[in-house]
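Student: I've got a new structure open and I'd like to talk through its rings, cores and pockets. Can we take it one question at a time?

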Amino acid sequence: MKKFKYKVIKNAVDIDVANFIYNYFLVKRDAVKHMYENNIHKRWNILGYWDEDQVPGTYCCYGDFAAETLLLKMMSTVEKHSGLTLVPTYSFTRLYKKGDVLVRHKDRPACELSTSINLGGDPWPIFIDETGTDNVISWKHNIIKPDAPKGTEIILSPGDMLVYAGCDLEHWREEFKGEICGQVFLHYGNKKNIISNELKFDRRAMLGLPY
């Protein structure tokens, strides 16, 4: 972790827990879609939405209660493997669909130390650029420098967790050939950094609230 700024932790989450959360989000996605289409509830971050800029048309959810609980539950594991004392910032979940691309990018300051946990579905590799260089000309248009490093391919099984320095390392996923892939992202800050302490709970009063 100290050398490459990322680490894969196999079986970090019990497979039954990962499977439960995966199916929970499948049920939630379909129920929320029904509520929106039938004017039962208006768009709300915690319910989830499909109009995110980074992966448009794909169901995602900020600050879900179950994911925020996992954010707290996994913090001691992330601290153990990173050697850092952390503050929790926020959770984010996506149910990727066929044809999706996660554009090459670095994360915002609230994601100083990030994790990606495979919840279930079809396998889909994530790529990490270990060099820490800046190669993105425009992430919104997916324009990358022609000599950008190819990156290291990492494949996670359900329950596996990738821990990485999200603000330092570019990361991305190429076109998804499967049908569905559930991933939850847990974000933390280093307690020793002033900005990370300011970003505790992503500047919310507590976990589980909208952004």
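Student: How many aromatic pairs does a search of the whole structure find?

Tutor: Bear in mind that this is a predicted model. Searching the whole structure for aromatic pairs gives a total of 8.

Student: Take Tyr36 and Trp50: what kind of pair are they?

Tutor: A ring pair is described by the distance of the centres and the angle of the planes. For Tyr36 and Trp50 the centres are 6.2 Å apart and the planes sit at 75°. The cut-off for this class is over 60 degrees, so the pair of Tyr36 and Trp50 is edge-to-face.

Student: Where do those two residues sit, and how many residues apart are they?

Tutor: Tyr36 belongs to helix α1, residues 15-37, while Trp50 is in the loop between α1 and β2 (59-62). The pair links distant parts of the chain, with a separation of 14 residues.

Student: Is Trp50 buried, partly exposed or exposed?

Tutor: Its relative accessible area is 25%. Buried would need under 20% and exposed over 50%, so Trp50 is partly exposed.

Student: What kind of pair do Trp124 and Phe176 make?

Tutor: Here the ring centres are 4.7 Å apart, with the planes at 35°. Stacked needs under 30 degrees and edge-to-face over 60, so Trp124 and Phe176 are tilted.

Student: Which loops does that pair link?

Tutor: Trp124 and Phe176 are 52 residues apart, so to speak in distant parts of the chain. Trp124 lies in the loop between β5 (113-121) and β6 (126-128), and Phe176 in the loop between β11 (171-173) and β12 (180-190).

Student: Are Trp124 and Phe176 buried or exposed?

Tutor: Trp124 has 5% relative accessibility, and Phe176 has a relative accessible area of 1%. With the cut-off at under 20%, Trp124 counts as buried, and Phe176 is likewise buried.

Student: Which charged residue lies over the face of Trp124?

Tutor: The residue is an arginine, placed 5.3 Å from the ring centre of Trp124. That residue is Arg173.

Student: Which residues touch the most other members of the largest nonpolar core?

Tutor: Nonpolar side chains tend to be buried together in soluble globular proteins. The largest nonpolar core here has 31 residues. Those touching the most other members are Phe25, Met74, Ile117, Leu186 and Tyr188.

Student: Which element gives the most to this core?

Tutor: The elements giving two or more residues include α1, β2, β3 and β12. The top contributor, with 7 residues, is α1.

Student: How many residues are in the other core, the one with Val55?

Tutor: This core lies apart from the largest one. Val55, Tyr90, Phe92 and Tyr164 are among its members, and the count is 23 residues.

Student: What is the volume of the largest pocket, and which residues lie nearest its centre?

Tutor: The volume is about 500 Å³. The lining has 21 residues, and β3 gives the most to it, with 3 residues. Nearest the centre are Glu52, Gln54, Tyr90, Arg94 and Arg108.

Student: How far apart in space are Phe127 and His171?

Tutor: Phe127 sits in strand β6 and is buried, with a relative accessible area of 10%. Its contacts beyond neighbours within four places in sequence include His171, Trp172 and Lys150. Phe127 and His171 are 44 residues apart in sequence, yet C-alpha to C-alpha the distance is 5.4 Å.

How values were computed:
Residues numbered from 1 in each chain as written. Predicted model: local features only at pLDDT ≥ 70, side-chain atom pairs only at ≥ 80, totals over all residues. Heavy atoms only, no water. Phe/Tyr/Trp six-rings, centres within 6.5 Å; stacked < 30°, edge-to-face > 60°. Helix = DSSP H or I, 4+ residues; strand = E, 2+ residues; numbered from the N terminus. Buried < 20%, exposed > 50% of the residue type's maximum accessible area, 1.4 Å probe, protein only. Lys NZ or Arg CZ within 6 Å of the ring centre and 35° of its normal. Core = buried A, V, L, I, M, F, W, Y, C linked by side-chain atoms within 4.5 Å. 1 Å grid on protein atoms, 1.4 Å probe; cavity = no way out; pocket = protein on both sides within 12 Å on 5 of 7 lines; lining within 4 Å. Points joined across faces, edges and corners; volume = space filled by probe spheres on them. Contact = heavy atoms within 4.5 Å.
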